[in-house]
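Reader: I'm new to reading protein models. Could you walk me through this one, a feature at a time?

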Amino acid sequence: MKYKRILLKLSGEALMGDRQYGIDPDRLREYAQEIKEITKEGVEVAIVIGGGNIFRGVAGASNGMDRVQGDHMGMLATVINGLALQSALENEGVPTRLQSAIKINEVAEPFIRRRAMRHLEKGRVVIFGGGTGNPYFTTDSAAVLRAIEVEANVILKGTRVDGIYNTDPEKDNTAVKFDNISFDDVLRKGLKVMDTTAFTLSQENELPIIVFDMNKKGNLYKVLSGENVGTQVNL
Ligand code: UDP
C-alpha cells in the first residue's frame, strides 16, 4: 500500500446517500466495508466525519440563531455521525475508537493525541468527532489538524465527484479533471478543494490531499494502491 497512515475525511452529506437528511444505513455499511478492505492491508486509518447531514452552524445563523450556539449543534452532529460510523465498522468486525474534541465522556473518549496514535499503531480505526472543538471552524480544518497531529501521510477527501476540475463538472460538461495539481495552482485558479483555513494549514504543513469519489466501490482501495484515482494536491 502506498501510505502507512491516512486521514480519511468524510462529509456528513455523504452519509445521506439519496436521502435529504440524516443517515442512510446502506451507504454507511458500504463505507464500512471499503474501510475494512484497507485496514486488512495494514493501513492505519483515522477518520474525521462532518455533520452537514444533520446540522450546520451557518445555516442556523442564517435563520436567526446565535452562530456559536449553532456551531455547538453542528459539532454534536459530527459526534452522532461518528457513533453511527463506529457502529457500522464494528458490525464489519473492525476495531474502532471514537474520540471527541468536546468532552462527552459517556459516549466517546476525549481527544488525546498520544492515545489516538497508540490506537492507530494497534490497528484500531480512530474516528475523530466534534470537529476541532471550536466554533467558526469546519470539519475540513479538523481533518487537516488531526492529520498533522497524528502524523498521517496524506489526507483523503472522499466526495461525490471524482476529483478537482477546472470548472464545476456538475454544471459544465466541458470541465477537465486534474490528475495532479499544486497548492499554489489551486489558489491561483480559485478552485474549491477545502475552505481556505483548512487548505492553508495543509499547505503550510506539506500534507498532500487526495480528492476522490468515495461512492465508487473499490476507489478507496485503489487510492491506497497508488492507482491514478481522483486528484492529488501536492506542494
Ligand atoms: N463545526 C464547528 N467547529 C468545527 C467543526 C465543525 O463548529 O471544528 C460545526 C459547524 O457548525 C459546521 C458543523 O459543525 O457547520 C458541521 O461540520 P461541517 O459543516 O464541516 O460538516 P460537513 O460539511 O463535512 O458535513
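Reader: Let's start inside. How many residues does the largest nonpolar core have, and which have the most contacts inside it?

Author: One thing to keep in mind throughout is that this is a predicted model. A nonpolar core is a set of buried nonpolar residues joined through C-beta atoms within 7 Å. Here the largest one has 60 residues, and Leu7, Val45, Ile47 and Ile155 have the most contacts inside it.

Reader: Pick Leu7. What is Leu7 in contact with, leaving aside its neighbours within four places in sequence?

Author: Ala46, Val48, Ala143, Arg146, Ala147, Ala152 and Ile155 are the contacts of Leu7 once those neighbours are set aside. Ile155 turns up again in the strand pairing: it is the bridge partner of Leu7 in β6.

Reader: Okay, strands then. Which strands pair with β6?

Author: Look for bridges between strands, and for the direction they run. Strand β1 (residues 5–10) runs parallel to β6, joined by five bridges. Strand β10 (residues 209–213) also pairs with β6 in the parallel sense, over five bridges. In that pairing, Leu156 has Ile210 as its partner in β10.

Reader: And how many residues of β6 are buried?

Author: A residue counts as buried if 20 or more other C-beta atoms lie within 10 Å of its own. In β6 (residues 154–159), five of the six residues are buried, so this strand is largely enclosed by the rest of the structure.

Reader: What about β5: how many of its residues are buried?

Author: Five of the five in β5 (residues 125–129), so that strand is largely enclosed too. Val48 has Phe128 as its bridge partner in β5, while Leu98 has Ile127.

Reader: Where does UniProt place its "binding site" feature?

Author: The unreviewed UniProt entry puts it at Lys9, Leu10, Ser11, Gly12, Gly52, Arg56, Thr159, Tyr165 and Asp168. The farthest two C-alpha atoms of these are 25.8 Å apart, so they do not all gather at one spot.

Reader: Compare two of them for me. Where do Gly52 and Tyr165 lie?

Author: Gly52 lies in the loop between β2 and α2, and has 20 C-beta neighbours inside 10 Å, so Gly52 counts as buried. Not counting residues up to four places away in sequence, Gly52 touches Ser11, Gly12 and Glu13. Tyr165 is in strand β7 (residues 164–165), and with 19 C-beta neighbours inside 10 Å, Tyr165 counts as partly exposed. Beyond its neighbours within four places in sequence, Tyr165 is in contact with Ala175, Val176 and Lys177.

How values were computed
Residues numbered from 1 in each chain as written. Predicted model: local features only at pLDDT ≥ 70, side-chain atom pairs only at ≥ 80, totals over all residues. Buried ≥ 20, exposed ≤ 12 C-beta atoms within 10 Å, placed from the backbone. Helix = DSSP H or I, 4+ residues; strand = E, 2+ residues; numbered from the N terminus. Pairing = 2+ DSSP bridges. Contact = placed C-beta atoms within 7 Å. UniProt positions renumbered as here; feature names shortened; annotations may be inferred.
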